[in-house]
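Colleague: I would like to learn how to read the features of a model like this one. Please take them one at a time.

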Amino acid sequence: MIQIAIAGSSDNEPLPQAIKKTKEFIEELAKHKDRVVLLTGGREGIMEIASREFARFGGIVVGILPERQEGNEFNTIRIKTGMDFAERSAVMINSADVLVVLGGGVGTMVEALIAYNYSKPVIVVTDTGYPSDRLELLASNGYFDHKKLVQVHFTKSGKEAAKLALELAK
């Protein structure tokens, strides 16, 4: 099984452009639901939208939760880590074959940087309206720093992000 993690805002009312791109991403990813497990932070916002959509298509969603939170109702499996948010993110990213950033703030951006630091493939969906869109400025040469641990990919298309995630996770 391929384990694809997502990073996204936990806003109760996510931005419309991010919602649209998340749904496009999941619709394409769901075509491969028999060989893909979706890993999320398990909470609300973009994470819940992705979880709901993937579950609706019959996919398995693993919510890797901070502390002892219950998470959203669409988690097929809940892992209550007992850890704080950053520690939980490290567990999720270590378990993933690739990380897809679907739009968010500082927590989402930290997850992108953790994935890069762990040499996990990173795909950032841009034009979401969230601060994570600006990660492209940080990786103007395709990398987040001089170490060039793993190339960071950017796309405006949720569908393209799913295709690229499947390709990079192999």
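**Reading the model**

Modeller: Ser 119 is found in the loop between H4 and E6; helices (H or I, at least four residues) and strands (E, at least two) are DSSP runs numbered from the N terminus. This is a predicted model, in which local features need pLDDT of at least 70 and side-chain atom pairs count only at pLDDT 80 or more, while totals for chains, interfaces and linings use all residues. Residues are numbered from 1 along each chain as its sequence is written, and side-chain values use heavy atoms, with hydrogens and water left out.

Colleague: What is the phi of Ser 119?

Modeller: Most residues other than glycine have a negative phi. Ser 119 is not a glycine, yet its phi is positive, about 60°. Glu 67 also has a positive phi, about 55°, without being a glycine. Glu 67 lies in the loop between strand E3 (60-65) and strand E4 (77-80).

Colleague: How is the accessibility of Glu 67 classed?

Modeller: Buried means under 20% relative accessible area, exposed means over 50%, and partly exposed is in between (1.4 Å probe, protein chains only). Glu 67 has 35% relative accessibility, so it counts as partly exposed. Ser 119, with a relative accessible area of 38%, is partly exposed.

Colleague: Which way do the side chains of strand E5 point?

Modeller: In a regular strand the side chains alternate between the two faces of the sheet. In E5 (residues 98-101), Val 98 and Val 100 point one way, Leu 99 and Val 101 the other way, and all are buried.

Colleague: Which strand is joined to E5 by four bridges?

Modeller: Two strands pair if DSSP finds at least two bridges between them. Strand E1 (residues 2-7) is joined to E5 by four bridges, and the two run parallel. Within that pairing, Ile 6 has Val 100 of E5 as its bridge partner. Strand E6 (residues 122-125) also runs parallel to E5, with three bridges between them. There, Val 101 stands opposite Val 124 of E6.

Colleague: What is the handedness of the unit made by E5, H4 and E6?

Modeller: A crossover is right-handed if, with the strands pointing away from the viewer, the path from the first strand over the helix to the second runs clockwise. E5, H4 and E6 make a right-handed β-α-β unit.

Colleague: How many aromatic pairs are there?

Modeller: A pair of aromatic rings is described by the distance of the centres and the angle of the planes. Rings of Phe, Tyr and Trp (its six-membered ring) pair if their centres lie within 6.5 Å; planes under 30 degrees apart count as stacked, over 60 as edge-to-face and the rest as tilted. The count by this rule is one aromatic pair. The ring centres of Tyr 116 and Phe 144 are 5.3 Å apart and their planes are at 70°, so the pair is edge-to-face. The pair links distant parts of the chain, 28 residues apart: Tyr 116 is in helix H4 (residues 106-117), and Phe 144 is in the loop between helix H5 (135-138) and strand E7 (152-155). Both Tyr 116 and Phe 144 are buried.

Colleague: Where does the charged end of Arg 56 sit?

Modeller: A charge sits over a ring if NZ of Lys or CZ of Arg is within 6 Å of the ring centre and within 35 degrees of the ring normal. The charged end of Arg 56 sits over the ring of Phe 57, 4.6 Å from its centre.
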